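Here is a short report for a first look. Keep the sequence and the 3D view open while you read.

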Amino acid sequence: MRYVLKKTATTLITLAVVSLLLFVAFSLISGDPATRMLGTGATPERLEALREELGLNEALPIRYVKWLVSFVQGDPGISYVYKQPVASLLSAKVPVTLSLTIMSFVLVCTIGFPLGIYTGKYAGSALDRAVMVLNQVIMAVPPFFSGILISWVFGMVLHLFAPGGYVSYTASIPGFLGYLIFPAIAIALPRAAQLAKLLRGTILEEAGKNYTRTAYSRGNDTNGVLFGHIIKNALLPVLTFLGMCFSNMLAGSLVVERVFNIPGISNTLLASIGNRDYPVVLAAVMWIAVFIIVTNLIVDILYMVLDPRIDGE
Amino acid sequence: MAAAMTTAPLGEPILEIRDLHLEFHDHDRPEVAVADFDLTLHRGEIVGIVGESGSGKSMTAHAIAGLLSRHALERSGQILFDGHDLLHCDRSTLRHYQGDEISIIFQEPMTSLDPLQRIGMQVEEALRIHHKELSAGERRAAALSAMDAVGLPDPQQVYGMFPHELSGGMRQRVMIAAATISKPQILIADEPTTALDVTIQAQIIALLRKINAEDGTAIIFISHDLSLVRQLCHRVVVMRQGEIVETGTADEVFENPQHSYTRMLIDAIPKVVL
């Protein structure tokens, strides 16, 4: 329990530092938002009034604290370009991106784990070697490219889905998930291949350890040794990978959303970067940071649950 | 002490090793690990196999325990136990005896236990595999009594602990408890005290002697430490480069060694009595 508290405290401190750095960086590069919003032809009086309204005349530390408080309350400011709250711009889009990311992650696990365990158990067999070669190829194909291939094969040739025919989750949940499954596969494939390869390697490593010999000496069959002893030990190094994988897949989602024309946060984020609409970018980057840091916290806690050696220290 | 041990009466033969021959084929030239090895083990007997590193004693132990790796190894001869040739029988026949009738403990107590599994689960494992008729409560009771028998303090508490919470000597006791929980006919001890300090070493030797005396478990004791072998074993087999150079009762071999290699090993014993 002390371990969890300590890790949570570290996480909160990390989040505070990240938020401060991001806020200061975006404040420095954003110039004068009032001029951006009203244009260069605006009168000084109107500019001043807007600055006053946006709270830009206050000192940076005060603005930071105010922004942080409202960010935590779910209101990270007003878009310079659309002149409406950032929250309302992103709120409809975050669930889409998050669904895509989670779906990809589930696919990574459902493909990667069985494949890794199988190839680890039957290392050296013909099927193992075939899978490893295929893995190597899949790992080398970036999601945006496999996304285009999948669109073409499953959409244009096999007509399993309509490319570009996105179904909103407000209209139909099954339709929404049915549309997302193909981009999710594009994101998941290279990660699943990596997971399988990593798990195969850790299983083989654990299989060479002394406790495996002990397990055999007690009369276990191969499955008894594998599932009774090796798997849990082999999972420990994989956990770190899965955490990084989950974070990286968020970035993967942003790219693949463009390929499959999915209205997630990708379009809004890219448009805002182009427009230098910093409140939107800041909010999105901050949310991604929260996502990654919380994922790491979960990984740390899982380690504590799985590995008795790091309990309490 | 040693003299008293050697007079123990021999029971009927339970394990017969005939012409055991093990050869590696994973390098350019075949390497002979064990050649022409013959041994008959009787019920309740403690046999020591001694020799320097690479003499083939551990390979022999692993062959009896059914732990030879399947690849790049040529095997011939017979290891006869309960009407089966353990060297050539199928894996399921072998598994039937492993951990139940033939158990083994190793040189490396620090790494021979699963680091993520509680001690109790590991001590009980042979019962889980071989005696499915037992309930969880009966298994637990058996584990606690086995842990008590090997001198683990507070078995109730150790039952729920993890290996990293125990010292090397304690872990070797756990290994012994796990290996003897189903009262095997044969316990193979592959240099069980090499990684332990001298006082713990003496305790483990005393424990093996107690298991032999109380349960009639035959023990094959592999060691390069001749003074330990003399303290513990009824009979001794001296190995060198995969072959037996001398065999006899412990007294015969130590009092009147026939082979120059044996004399050399005996002369190498430090003249400090434990």
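What does the domain assignment of chain A give? The answer is domain 1, residues 1-92 + 264-313, and domain 2, residues 94-261. Keep in mind that this is a predicted model.

## Chain A as a whole

Chain A has 13 helices and 0 strands. From the N terminus on, its elements therefore read as α-α-α-α-α-α-α-α-α-α-α-α-α. The C-alpha trace spans about 85 × 55 × 30 Å along its principal axes.

Chain A holds 313 residues, and 31% of them are buried. Now take the contacts in chain A between residues at least 6 apart in sequence. Of these, 72% join residues at least 24 apart.

## Where the two domains meet

The centres of domain 1 and domain 2 of chain A, taken over C-alpha atoms, are separated by 31 Å. The two domains do touch: 16 residues of domain 1 of chain A are in contact with 17 residues of domain 2 of chain A.

Which helices each supply at least two residues of the domain 1 side? They are helix 12 (265-275) and helix 13 (278-306) of chain A. Helix 13 of chain A gives the largest share of that side, 9 residues. By class, the side of domain 1 that touches domain 2 has 10 nonpolar, 5 polar and 1 charged residues.

## A helix pair in chain A

Look next at helix 1 (residues 2-29) and helix 4 (residues 60-72) of chain A. They pack at an angle of about 120°, and their axes are 11 Å apart. That angle makes helix 1 of chain A oblique to helix 4 of chain A. The crossing of the two helices is right-handed.

Which residues meet here? Helix 1 of chain A brings A:Ser19, A:Leu20, A:Phe23 and A:Ser27. Helix 4 of chain A brings A:Leu60, A:Tyr64, A:Trp67 and A:Leu68. The residues of this contact divide into 6 nonpolar, 2 polar and no charged. An α-helix has 3.6 residues a turn, so residues three or four places apart point the same way.

## Helix 10 of chain A

Is helix 10 (residues 210-217) of chain A mostly covered or mostly open? It is mostly covered, with 6 of its 8 residues buried. The buried ones are A:Tyr211, A:Arg213, A:Thr214, A:Ala215, A:Tyr216 and A:Ser217.

After helix 10 of chain A comes A:Gly219, whose phi is positive, near 100°.

## The contact between the chains

How many residues does each chain give to the contact? Chain B gives 23 residues and chain A gives 18 residues. On the side of chain B, the elements that give two or more residues are strand 6 (102-105) and helix 4 (119-130) of chain B.

Helix 4 of chain B provides the largest share of that side, 4 residues. By class, the side of chain B that touches chain A has 10 nonpolar, 8 polar and 5 charged residues.

Notes
Residues are numbered from 1 along each chain as its sequence is written. Chains are lettered from A and ligands numbered from 1 in the order in which they are written. This is a predicted model: local features need pLDDT of at least 70, side-chain atom pairs count only at pLDDT 80 or more; totals for chains, interfaces and linings use all residues. Two residues are in contact if their C-beta atoms, placed from the backbone, lie within 7 Å. Ala, Val, Leu, Ile, Met, Phe, Trp, Tyr, Cys and Pro count as nonpolar, Asp, Glu, Lys and Arg as charged, and the others, Gly among them, as polar. Axes are lines fitted to C-alpha atoms, for helices over the stretch in contact, and angles run from 0 to 180 degrees between N-to-C directions. Angles under 35 degrees count as roughly parallel, over 145 as roughly antiparallel, 65 to 115 as roughly perpendicular and the rest as oblique. A crossing is left-handed if the near helix is turned anticlockwise from the far one by less than a right angle, and right-handed if clockwise. A residue is buried if 20 or more other C-beta atoms lie within 10 Å of its own, exposed if 12 or fewer, and partly exposed in between; C-beta atoms are placed from the backbone. Domain bounds come from an automatic or database domain assignment.
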